[in-house]
Amino acid sequence: MKKIIFLCLLLVTTLVQAQTSVKQLPTFKTGIITGTVLDGVFNEPLPYVNIVIRELSGKIITGSITKDDGTFYMENIPEGTTNVSIEYLGYKTVSREITIDKKNSKIDFGEIKIYEAATSLDEVELTGEVSTIQQKVDRKVITVGKDLTTSGPTASDIMNNLPSVSVDSQSGAISLRGNANVRVMVDGKLSNIPAAQLLKQIPSTSIKSIELITNPSAKYNPEGMSGLINIILKKNIKIGFNGNINLGLNYQDNAKFNSSIDMNYRNGKLNFYGNYGNNISKNDNSGLISRLANNSEQAFAFKDNNKNHLFKAGVDFYLNDKNTISFFTNQNITDAKNGGTTDALFYDMPSLNQYQVFDSKNDNNSSQYNFDYKLELAKEGSNIELEVDYNVFDQQEDADFRFSGNTDLNNYLDFVTTDRDRTTINLDYVNPLSDSAKLELGVQARLFNTNIDYNSTGISLNNMGVFRPTPSTVFDYSRDIYSAYATYGKTFEKWTYQIGLRAENVKVNADALSTEATNETDLIAFDNDYFQVYPSAFFTYSPSEKNAYQLSFSRRVDRPGIGQINPIREWSTPLISSFGNQNLEPQFTNSIELNYTRQLKAGSVTAGVFYRAIQDEINQGITIDRTDVTSGRQILTHNNYDDTSAYGLELSSNYRPTKWWSLNASFDAYMQTQKGITEILDAPLETATLNDIQTNVVEVDNFAYNFRVFNNFKVTKKISLSAFAFYRGSAEDLQFKSEPMYFVNLGARHDFADGKGSFSLNFNDVFGTQEFGFTGNRPYKQVGTFNWESQTIFAGLSYRFGGEKYQAKSRKNRDNNEKSGGGFL
């Protein structure tokens, strides 16, 4: 009986609730639209396409953009009839009317194919006037405009304009977020050319965009503690024959000339493209290091004469809608001549003065060959891609050293031959499991070998302090890496997450074979085989079209580069020599990052914080030369230091206060704690012995910050002005404290020939304040400054030719590179 009463009460309650629900059912107010935008010719997804909702009167209601896979999801579409407009620069606009009501609250457009517009060329070119910064899920993308290329003739010259990036103008060493452990790529591919040298070889006018990838996913190779910098070269992708030409002249004390030409021909299923750029320059550098303890100075005066040539050629062959074959080659040719003097001056005892004059010639060639095959599978969005990349580098360096004054060294010649080759094979698989989920799998093999052959006519000290003919040395280094990765991503209405895991097996073998004049040989061998896994996770939350939050985690590795492990002397002066450390171990980093992006009516603002935990940190340090303590000679090398940590803050913004004024500004600050072993000499130099060398464990808390702002002013339709200001605060490591540095650059540009041509004029370092200064207490008290040709005037001419339609063709970018070592101080 109780069960019957209970069922009756339940039935009555249900009926009452149902009637109440019917009476209180709200009227329908909003709906949802979804779809995928594709290129109408190549059937490929188009990212960043504008989806605009308008009233029938034309008034804009809301808008959004497509994701990387061409999909879009929009909610809160008002009830009634509205117009949905698919708008993309260079393509014909597609418009459709929709009606949202109670019976039709979710509309799926499916695939929307859009086609290029024949009259779009001028519009596309105009977007390149001002550089833009776009914050994506895992990277910042800086599109290089005409304003940024006036900063200087090479990639190295424009890097200091980028958020969180710094380039040491004396050594060319690049750092990201205050850390030099960063990988530099070209077109997503590794290069055998050392990073500092590579940046000076690439003409700035050949760069399309630069990607700053601070926390890459498991799909990418894990090198680079502070992240990856990917330089994307221009590849013309317009229908028909077209191209552009650029000329530039930079001058202070010496002329620096650069030029480039890009050409493209596309018709039907074939796309041919080519690029040539050069940088021909002479540069003066000077420096002074003072040691207070013995009232001595080491004065430097360097001059280099470099001729760099970069060739790129490639072809895309679209067999059909499912199969695409691509091939390209990069050829870098460098002819460098360097010379200078380094003088060691002892003011209290002039009889100890030493003088060195040196000249060197460096010829090197780098060749890259890349093959890519992509197969679109039957399932929409699913594909398999095979990529094979082969890179070879050869270099011949001859150096002549001459000495005078109080020195036991005789004049001598050094001969160094370097050969490197690298082969990378990738196989990737993409499978969109559903409209909101995607699985990516891949395997990779990277095979690397370098051989350095060193011969000298000089003499040198051995470990017993005895002079003998400098032994010939052959350094052979190989590293093979086999890896596999998997990533899975899923999108909800306002949430997106991606998790991934990469596993790598590494085999390292290094042999340094030293041969004395007596034919006695000494073999130093080093092996390091290890297996590691690198997890990654990304989470994004977009509560509205104007707000986005991003949280990411990744584990990364820094494998020592050739310049850091090569035991052969890299360079030498009377009081300091640079060597690599063959026993360096890799360092590992766990990194977490949180970003917030706010879209403004006239721009955007991005704020972020990051934290890094670093294991076995690799750092550069100076030790006392044990073979001759009283001379004050030092050895510059790399070592593994203790575990450390770093954290920081970044702010960046694109903003257009008025129609004639736009600006990019950024501020970054970071704190890093470093622990390590340093040396101090606890006695006057003239009486010092090995027993006077004290080894201490030192901990340093380093706080550093940078601020930069780039302004562009549109005076008329044809004339624009620019102003760039940069300030870098002081920074400290285990041995040195660098002084603050700031500078201001001014520029102007005039467009002509209906926007096809432009003339630029730039005045860099207007106030002559750009110099590097430092102080140090370990192992000696010393103060130093270095100067270079920073106060230059740059004049540039750019002109594009040809015409026809604009066509987007995407190609995968992959991050691989090698950390190059060295760099003076």
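Over the face of which ring does Lys 312 lie? I found Lys 312 over the face of Phe 328, at 4.8 Å from the ring centre, where a charge counts as over a ring if NZ of Lys or CZ of Arg is within 6 Å of the ring centre and within 35 degrees of the ring normal.

I note that this is a predicted model, in which local features need pLDDT of at least 70 and side-chain atom pairs count only at pLDDT 80 or more, while totals for chains, interfaces and linings use all residues. Residues are numbered from 1 along each chain as its sequence is written, and side-chain values use heavy atoms, with hydrogens and water left out.

Next I looked up the aromatic pairs, of which there are 28, counting rings of Phe, Tyr and Trp (its six-membered ring) with centres within 6.5 Å (planes under 30 degrees apart are stacked, over 60 edge-to-face, the rest tilted). Phe 736 is buried at a relative accessible area of 14%, and Phe 774 is buried at 3%, buried meaning under 20% with a 1.4 Å probe and protein chains only.

I also recorded one aromatic cluster, whose members include Phe 300, Tyr 412 and Phe 786.

Last, I followed an open sheet of three strands in the order β4-β1-β7, with mixed pairing (two strands pair if DSSP finds at least two bridges between them). β4 and β7 stand at the edges with a single partner strand each, so one side of each has no neighbour in the sheet.

Note on methods: Helices (H or I, at least four residues) and strands (E, at least two) are DSSP runs, numbered from the N terminus. Buried means under 20% relative accessible area, exposed over 50%, partly exposed in between (1.4 Å probe, protein chains only).
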